[in-house]
Amino acid sequence: MHQQTARLIMYSRLGEDNILMKLSEIFERVQKGGAIDREPLVRAVYDQVYRILDLSTRYGFDENLWECYIAFLLATNENPFSIICETVGASLDATVNTIVKQDMECFYQLFHYDFSEVQGFLGVDCFDILTNYHSMAKAENTYNKSVSDKVRVLAGELRKAESGSDFFDIVTGFYKQYGVGKFGLNKAFRVIHSGGETVLSPITHTSDVTLDHLIGYEMQKKQLIDNTEAFVAGRKANNCLLYGDSGTGKSTCIKAVLNQYYDRGLRLIEIYKHQFKDLSNIIEQVKNRNYKFIIYMDDLSFEEFEIEYKYLKAVIEGGMEVRPDNVLIYATSNRRHLIRETWSDRSDMSQDELHRSDTMQEKLSLVARFGVSINFSRPQKKGFDEIVLGLAEAEPDISMEDQELLMQANAWSLRNGGYSGRVAEQFITYLKSIAK
């Protein structure tokens, strides 16, 4: 194994603490022979086997965990070659292909590595277990299904390969189809801080909602779809503000759009207003990637004393650096103008400010930077009834007559906040909870 890892060039930056590199060091010591204290080596091997098992649990791998691990390395390794491949694929006459093909020959050998010599010397059978593993059944929301599905597809294709050259063709085809690294394998991300750095961490379990789940609001959905379609297709598109009453489906619309366009390279980054100072850093990380990124701000609003909106204004439009073409900002808010206004904002007469109207214009200038504003209002009774009937129709456990269903739904709405899509969905959830 050390022979293969030592020959890696493009894929050599795996990190000293990488499982493959740790096992390579252990196996090198075993192959040197001589007087060796085996117990520390056995312990070291078990530590790495545990890490493979832990990784497999987090990503839902099964059967041959070693093959899945090698496929995972190839799918997630962001290097100059893999990042270019996700954009244009492998160029037929590129000199770098010779280097990468050598790496793929090494990975082909690692994929089919014979552990029998090491196991015999150390008196263990842990690698036989890894290569014939049957995991416990678990719900999809307990592991990263998005990554799991793609890695298992890649492992299955690599299993059919007969040479390192086949490995090269399969892996580069995978990069072109799915991408590479966390941006290629995940739909959505949140912003965290680790070691003083701003990091985009994958959200491993996202909603599978579609626009069909949101009943009504056809004009609003079309506006959002048209803008997003233009964005994904590489045409000019606007930042979007979805505003209006709570519980009307603003956030659901954005989640559904992500699901609809994910296969065409759309990704979503969720950010909160206390993180707006990181916006420039976030954009710097994604601006050269072959994906379209929506920076998503849910329930956006500001009180008078909050100044984070100034960071947002600069990023959307007004700063020296131009916002890249692969980034848009989508926000939802219950406030039309985002920033809380008072009656005194509407008068130049104020005890503490000479030109109060200037302050109001500054506040209104934020919403003006969203080129598309879409209003979501609470439905009237007829619209609410249509939502209830539509949601109930999709649930086989609910067999109540329409008249009785609507009577109970309206009684529920009176007790739980009035007419809205959210209230209707909560009512349907209640019916499912008592269904026998």
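Helices here are DSSP runs of H or I with at least four residues, strands are runs of E with at least two, and both are numbered from the N terminus. Keep that in mind as you colour by secondary structure: the chain shows 19 helices and 7 strands. What you have open is a predicted model.

**The whole chain**

Start with everything selected. Of the 436 residues, 47% count as buried. Look at contacts with a separation of 6 or more, too: residues 24 or more positions apart account for 77% of those in the chain.

Now select residues 38–59, which is helix H3, and pick out Gln48 within it. Is Gln48 buried or exposed? Its relative accessibility is 8%, and buried means under 20%, so Gln48 counts as buried. To see its partners, show Ile19, Lys22, Leu23 and Ile26: these are the residues Gln48 contacts once neighbours within four places in sequence are left aside.

Check the backbone of Glu63: its phi is positive, about 65 degrees, although Glu63 is not a glycine. Most residues other than glycine have a negative phi.

A second case is waiting at Asp299, in the loop between strand E5 (292–297) and helix H15 (309–316). Phi of Asp299 is positive as well, near 55 degrees.

**Where H5 meets H10**

Next, select helix H5 (residues 80–88) together with helix H10 (residues 164–178). At what angle do H5 and H10 pack? The angle is about 65 degrees, and their axes lie 7 Å apart. The crossing of H5 past H10 is right-handed. By type, the contact residues comprise 5 nonpolar, 3 polar and 2 charged.

**The largest pocket**

Finish at the largest pocket, with a volume of about 790 Å³. Centre your view on Val209, His213, Thr252, Gly421 and Glu425, the closest to the pocket's centre among the 31 residues that line it. Then show helices H13 (250–261), H17 (381–393) and H19 (421–434), the elements that each give two or more residues to the lining. Which helix gives the most to the lining? That is H19, with 6 residues. Coloured by type, the lining of the largest pocket splits into 8 nonpolar, 13 polar and 10 charged residues.

Methods: Residues are numbered from 1 along each chain as its sequence is written. This is a predicted model: local features need pLDDT of at least 70, side-chain atom pairs count only at pLDDT 80 or more; totals for chains, interfaces and linings use all residues. Side-chain values use heavy atoms; hydrogens and water are left out. On a 1 Å grid over the protein atoms alone, a cavity is a set of points where a 1.4 Å probe fits but cannot get out, and a pocket is an open set with protein on both sides within 12 Å along at least five of seven lines; lining residues have an atom within 4 Å of a point. Grid points are joined across faces, edges and corners, and a volume is the space filled by probe spheres set on the points. Ala, Val, Leu, Ile, Met, Phe, Trp, Tyr, Cys and Pro count as nonpolar, Asp, Glu, Lys and Arg as charged, and the others, Gly among them, as polar. Axes are lines fitted to C-alpha atoms, for helices over the stretch in contact, and angles run from 0 to 180 degrees between N-to-C directions. A crossing is left-handed if the near helix is turned anticlockwise from the far one by less than a right angle, and right-handed if clockwise. Buried means under 20% relative accessible area, exposed over 50%, partly exposed in between (1.4 Å probe, protein chains only). Contact means heavy atoms within 4.5 Å.
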